[in-house]
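The report below walks through one protein model, beginning with a single position in the chain and then turning to the whole. Please keep the structure in view while reading.

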Amino acid sequence: LSSAAFSQDKVYVKKLVKKLASPAMHGRGYVKQGDLKAAKLLAKEFEKAGLQHFGESCFQPYSFPINTFPGKVDVKINGKKLMPGSEVVINPITNSVSQSYELIRLPDTITQIASIYALVDTNQLNGKMLVIPEGVTNAYRRGIPGVPALVQTVEKAMWWHVSGAGNPENKLHLKIKAAALPADATTITVDAEAVFVPNYQTQNLIAYVPGSVQADSFFVFVAHYDHLGRMGKKTVYLGASDNASGTAAVMDLARYYAANPEKARYTMIFALVSGEEAGLLGSSYLAENPPFDLNKTRFVINFDMVGTGSEGLSVVNGKVLPEYAALMEQLNTQKSYFPDIRLGGESCNSDHCPFYKKGVPAFFLFTRGQENREYHTITDTPDKLPFTAYESLFGIVTDFVEAASSSLFDR
């Protein structure tokens, strides 16, 4: 490995992940200002590293609408309470509700919405909740027209998500672990408190190390520091992998370039954004309101879920930026950083996308490995995140930056 690979600080990264994914941060979401608590911690880390910022602070304030669940989220089947997060989740666009429903089961063989309409009169569903088989794609997430209340059963994945969409709807969508819904269940009672915040005040953080050769050109590292936060009074999504890992990697790179400013040929921008889980809102705001010139930005690298690596590194946008991808593969061949580099196509699935849409070359990097498969679960905790190939990630990225002096990066 290159000397740059040994300049990383995995001990620091793990400690920062542990802080960011602690219960005190409330899941870095939008209940109890978890995002702000994390932002204040990260701002102190920028300050300790000696980074500079645009304006009076590294904060870039903005706002967006968000539906939250700060109170109770109680779901009972035949009077037995389910465990939020592990046995039941509620769709984030759901309004407050306190009601009991008669459960109406549909055949497990159903996979098409049209088949539901053939079996059910949607005009006769008052006070009733349809039990939708897992095979009906996206029933929980998107709902079914004409069906005011549904529960979709799942065998394994109990992921949750948040939404930055508009006002909550008077429709109830639940997802329940199949094992928690007995075959003889007849009633379900839901008592959930939703609070819609039309103008939630949040913030991005932006800091930089001045370029030593071409200070008027920029190289950007970005990661989202927010996560899902709280669903009810007791359930917290800590988000160690998604995305305390990427946040800590960006912070480690910030400390590295601050300590080695001669390696920063261009001005190195370090952007930690919120609102990703609600729809790439923070990175979109930053791309629309950049405190640096996007036309002079040589490249953007986004880090999201980078705590594994035994199976390799994935490069989203690799196929649509083949020259840059070839450089990444060349560096990997020279130093044997990862067992595999997997190039992905164009995708708007993380915070690289708003910059790429503005015409800035951008990659989204994430690591792969069976050692951690947590995604949007209550079990995404720091103790399960090994950072298997973190040294390799740091090495290939810093080597890529060093190669940015070539004409390939001219804009």
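## A residue in a loop

Where is the place of H26? H26 is found in the loop between α1 (10-20) and α2 (34-49), where helices (H or I, at least four residues) and strands (E, at least two) are DSSP runs numbered from the N terminus. This is a predicted model, in which local features need pLDDT of at least 70 and side-chain atom pairs count only at pLDDT 80 or more, while totals for chains, interfaces and linings use all residues. Residues are numbered from 1 along each chain as its sequence is written, and side-chain values use heavy atoms, with hydrogens and water left out.

## Backbone angles

Most residues other than glycine have a negative phi, and most peptide bonds are trans. H26, although not a glycine, has a positive phi of about 55°, and Q33, which is not a glycine either, has a positive phi of about 55°. Q33 lies in the loop between α1 and α2. H26 counts as buried at 12% relative accessibility, whereas Q33 is partly exposed at 44%; here buried means under 20% relative accessible area, exposed over 50%, and partly exposed in between, with a 1.4 Å probe and protein chains only.

The peptide bond that joins D242 and N243 is cis, with omega about 0°, and N243 lies in helix α5, which covers residues 240-259.

## The disulfide

A search of the whole structure finds one disulfide, a term that stands for a pair of cysteine sulfur atoms within 2.5 Å. The disulfide is formed by C348 and C353, whose sulfur atoms are 2.0 Å apart. Because the torsion about the S-S bond of C348 and C353 is about -95°, this disulfide is left-handed. C348 is partly exposed, with a relative accessible area of 42%, while C353 is buried at 4%.

## The chain as a whole

The protein chain contains nine helices and 18 strands. For 411 residues a compact globule would have a radius of gyration near 22 Å, and the 23 Å of the protein chain agrees with this; the radius is taken over C-alpha atoms, and the globule rule is 2.2 Å times the number of residues to the power 0.38. Along the principal axes, the C-alpha atoms fill a box of roughly 70 × 45 × 35 Å.

Of the 411 residues, 56% count as buried. Among contacts (heavy atoms within 4.5 Å) between residues at least 6 apart in sequence, 81% join residues at least 24 apart.
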